Amino acid sequence: MKAAVWYKAKDLRVEQAEEPSVKGEHDVKVKVKWCGICGSDLHEYLAGPIFIPEGSPHPISGQQAPIIMGHEFAGEVTEVGSKVTKVKAGDRVAIEPILAPNENGRYTDEKYNLTDLLGFHGLSGGGGGFSEFTVVGEHMVHIIPEELSFEQGALVEPAAVGLHAVRQSSLKAGDTAAVFGAGPIGLMVIDALKAAGASKIYAVEVSESRQKKAENLGAVVINASSDDAVKVIQDEIGGVDVAFEVTGIPKVLNQAVHSTHSGGETVIVSIWEGEASLQPNDIVIKERTVKGIIAYRHIYPAVMELMKQGHFQADMMVTDKIRLDEVVDKGFEVLSTDKSQVKILVSPE
Ligand SMILES: [Zn+2]
């Protein structure tokens, strides 16, 4: 079968790989329909390895680079292990790519996203969504409701990050929020904030096309290249209840904290390449809170219910659809230079 394999930064190859087969009793083999290119995939492509194991194998996947990429995907079940009860061949599924301790087709830890062994199918070995077939555990598959397309199924993963960020925040219906960065995850956070009943959502973004998307979702857009977001927010409403940092740019973390009012909260969603400085007094003297979130847990069914109600729509997020053969030129290369792109979906067919 064909697959996109990461060898090292800037060396992603579409090549023939061995088709995986069902070996364990709780294995589920999936024919991939659509797989999104994620910001973390892009990091691995440009400056990796970050999550990709190199030198020693990931403890759960047992693999290290070169590895097949792709963790935001949906597909059709083609075969299941003898003890799988959750799905059967022919079922349409969205994959929860978290690698964490599991037993009898279930994650074992309640907060399985916080395990020391955390990895992702499609980043940490074990196969991935940029391939024709992949085999995952029963605990990683969720049936897609018939109202939702496979394209929508491929968006459950990034939407899950946005929804988990909002659910882990202190935001209550009627509260105000600011989202710094309106890329794919930032837009998902904005949509999750709408679902949560935020009364006003500021979106701070430099790219015009992303500003447009944030506006279409009902956010008040602040152009980060021409305006001082902190000043605008403080002048207009005296600070937001909750700020979400979704850029990974050190100075933006500071702005996010400063955009909140006394007692306000900042939720860090980004993964960082290095340190970011904060003056602790900005937290201390205003009794602010700063917290982080990683991935998600127990949230796929809720994401898909919200999708049925019109949230996290593929029409809004997907800016291009390409074939696996084109994943480097029309996918990774385009995303590294063209910030008007949001989500590019890849089909192995
Ligand atoms: Zn991702």
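Predicted model: local features only at pLDDT ≥ 70, side-chain atom pairs only at ≥ 80, totals over all residues.
## The zinc site

Let's start with the metal. Two residues coordinate the zinc ion: Cys-38 through its SG atom and His-71 through its NE2 atom, at 2.1 to 2.3 Å. Cys-38 sits in the loop between strand S3 (27-36) and helix H1 (39-47), while His-71 sits in the loop between strand S4 (67-68) and strand S5 (72-80), so this pair ties together parts that are 33 residues apart in sequence. If you go looking for these two side chains, look inside: both Cys-38 and His-71 are buried.

Next, the greasy interior. In soluble globular proteins, nonpolar side chains tend to be buried together. Here the largest nonpolar core has 92 residues, and Leu-193 and Phe-244 are the ones with the most contacts inside it. Helix H3 (residues 156-168) gives the largest share of this core, 7 residues. Domain 1 (2-143 + 313-347) and domain 2 (159-292) both give residues to the core, so it lies between them.

Now zoom in on Leu-193. Setting aside neighbours within four places in sequence, Leu-193 is in contact with Val-166, Leu-171, Ala-177, Val-179, Ala-198, Ile-201 and Phe-244. There is also a second, separate core of 11 residues, and among them are Ala-178, Val-204, Ala-243 and Ala-256.

Helix H4 covers residues 184-195, which makes 12 residues. From its first C-alpha to its last it reaches 17 Å, close to the 16 Å expected at 1.5 Å a residue. Is H4 enclosed or open? Since 9 of its 12 residues are buried, H4 is largely enclosed by the rest of the structure.

The buried residues of H4 are Pro-184, Gly-186, Leu-187, Met-188, Val-189, Ile-190, Asp-191, Ala-192 and Leu-193. Just after the helix, Gly-197 takes a positive phi of about 85°.

## Salt bridges

Side chains of opposite charge can pair when their charged atoms come close. In this model, the count comes to 18 salt bridges. One of them joins Lys-33 and Glu-349, whose closest N and O atoms are 3.9 Å apart. Lys-33 lies in strand S3 and Glu-349 in the segment after strand S20 (343-347), so this bridge ties together parts that are 316 residues apart in sequence. Glu-349 itself is exposed, with a relative accessible area of 55%.

Two more pairs are worth a look. Lys-88 bridges to Asp-91, with the closest N and O atoms 3.1 Å apart. Lys-88 counts as exposed at 54% relative accessibility, whereas Asp-91 is buried at 12%. Then there is Lys-308 with Glu-305, where the closest N and O atoms are 3.1 Å apart. Both residues lie in helix H9 (residues 300-308), 3 residues apart, about one turn of the helix. An α-helix has 3.6 residues a turn, so residues three or four places apart point the same way. Lys-308 is partly exposed, at 36% relative accessible area, and Glu-305 is partly exposed too, at 39%. Salt bridges can also link up: Lys-2, Arg-323, Asp-325, Glu-326 and Lys-330 form a network of them.

Which residues does a cis peptide bond join? Another joins Ala-65 and Pro-66, with omega about 0°. Pro-49 lies in the loop between H1 and S4, and Pro-66 lies in the loop between H1 and S4 as well.

Finally, look at two positive phi angles outside glycine. Asn-104 has a positive phi of about 50° although it is not a glycine. You'll find Asn-104 in the loop between strand S8 (102-103) and strand S9 (106-107), and it is exposed, with a relative accessible area of 58%. Glu-287 is the other example, with phi near 50°. Glu-287 sits in the loop between helix H8 (280-284) and strand S18 (289-292), and at 65% relative accessibility it counts as exposed.

Conventions:
Residues numbered from 1 in each chain as written. Heavy atoms only, no water. Donors = N, O, S within 2.8 Å, 3.2 Å for Na, K, Ca; no water. Helix = DSSP H or I, 4+ residues; strand = E, 2+ residues; numbered from the N terminus. Buried < 20%, exposed > 50% of the residue type's maximum accessible area, 1.4 Å probe, protein only. Core = buried A, V, L, I, M, F, W, Y, C linked by side-chain atoms within 4.5 Å. Domains from an automatic or database assignment. Contact = heavy atoms within 4.5 Å. Salt bridge = Lys/Arg side-chain N within 4 Å of Asp/Glu carboxyl O. Expected span 1.5 Å × (residues − 1).
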